[in-house]
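Subject: Structure for your attention

Dear colleague,

Please find below the structure that I am handing over to you.

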Amino acid sequence: MFVFDIRLNHLLSLEKAVLDYLNKTNRPYSANDISSQLHGLVSPAGAKKILNDLANNGQIMCKANGKQQIFYAVQTEIEVPNIEGVEEEEEAIREMEERLATLKEENKALSAKLHSLNSALTDDQMRERIAKLTAEVKENDERLNQLRSGEVISPEEKKKIDTEYATMTKHWTTRKRIFKNITDAIAEGYPGKLKDLFEEIGVETDEDAGVDTSIIGAK
């Protein structure tokens, strides 16, 4: 008798599991489907017997499709939410969506702050940066004192500038001479004015640019 009670309770437990699953999912299943969805809790043959018993008792519906039987929940047993319940659910969803948007903004701000912190200089880097800036300030102060005392540039700097100036002037003179030779050759066979030709092809001379050529080479 004790063994029978255990088997009966086990069977009732399986029936409840199958019935609850059908009511919860509210979808049609075959016996094999139920066995698979319950992860082997009941065998296909056992599921078929339980489903047929539930259908015979009117707890679920059964529809034959050829040799296959399809079982599904009795629709009158499915709880249909009322309008008030639907509106409450929609309001809860809206609140959760707003909360989600707020959390996303907070997460974005925290991510930006974290990135800023990760990008910040370490203590050692800060000390190195301060030392470098201090040296630059000292150098600029010395430069400023030289300017105030009339010592604008050192002799070495002046020599360097004069050398660069002479080199650039030499390049300019050479190129100007080449250009003059070309324009003189053109002028011999050109029927109009060279100035008109220059304007047409987009050539700008030193004079057009307002360059005072008299100061070049005067040093």
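The following paragraphs set out what was found.

This is a predicted model, in which local features need pLDDT of at least 70 and side-chain atom pairs count only at pLDDT 80 or more, while totals for chains, interfaces and linings use all residues. Residues are numbered from 1 along each chain as its sequence is written, and side-chain values use heavy atoms, with hydrogens and water left out.

Let me begin with the interior. A nonpolar core is a set of buried Ala, Val, Leu, Ile, Met, Phe, Trp, Tyr and Cys residues joined through side-chain atoms within 4.5 Å. Here buried means under 20% relative accessible area, exposed means over 50%, and partly exposed lies in between, with a 1.4 Å probe and protein chains only. The largest nonpolar core has 16 residues, and Val-18, Leu-22, Ile-34, Leu-51 and Ile-60 have the most contacts inside it. H1, helix H2 (31–37) and H3 are the elements that give two or more residues to this core. The largest share, five residues, is supplied by H1. Helices (H or I, at least four residues) and strands (E, at least two) are DSSP runs, numbered from the N terminus.

Next come the salt bridges. The term stands for a side-chain nitrogen of Lys or Arg within 4 Å of a carboxyl oxygen of Asp or Glu. How many salt bridges does a search of the whole structure find? The search finds three.

- Lys-16 pairs with Asp-20, and their closest N and O atoms are 2.7 Å apart. Both residues lie in helix H1 (residues 2–25), four residues apart, which is about one turn of the helix. Lys-16 is exposed, at 52% relative accessible area, whereas Asp-20 is partly exposed at 37%.
- Lys-49 forms a salt bridge with Asp-53 at 3.1 Å, N to O. These two residues belong to helix H3 (residues 44–56) and are four residues apart, about one turn. Asp-53 is partly exposed, with a value of 23%.
- Arg-94 and Glu-91 form a salt bridge at 2.6 Å, N to O. They are about one helical turn apart because three residues separate their positions in helix H4 (residues 83–119). Arg-94 is partly exposed at 40%, and Glu-91 is partly exposed at 33%.

The strands deserve a paragraph of their own. Two strands pair if DSSP finds at least two bridges between them. Strand S1 (residues 60–65) and strand S2 (residues 68–73) run antiparallel and are joined by six bridges. Cys-62 has Phe-71 in S2 as its bridge partner. The hairpin of S1 and S2 has two residues between the strands, and Gly-66 takes a positive phi near 70 degrees there.

Finally, please look at helix H6 (residues 155–189), where Thr-169 is located. Is Thr-169 buried or exposed? Thr-169 counts as buried, because its relative accessibility is 15%. Its side chain reaches the backbone oxygen of Tyr-165 at 2.8 Å. Ile-178 also lies in helix H6, and Ile-178 is partly exposed at 46% relative accessibility.

Yours sincerely,

A colleague

How values were computed. Polar contact = N/O pair within 3.5 Å; in protein donor to acceptor, adjacent residues only side chain to side chain.
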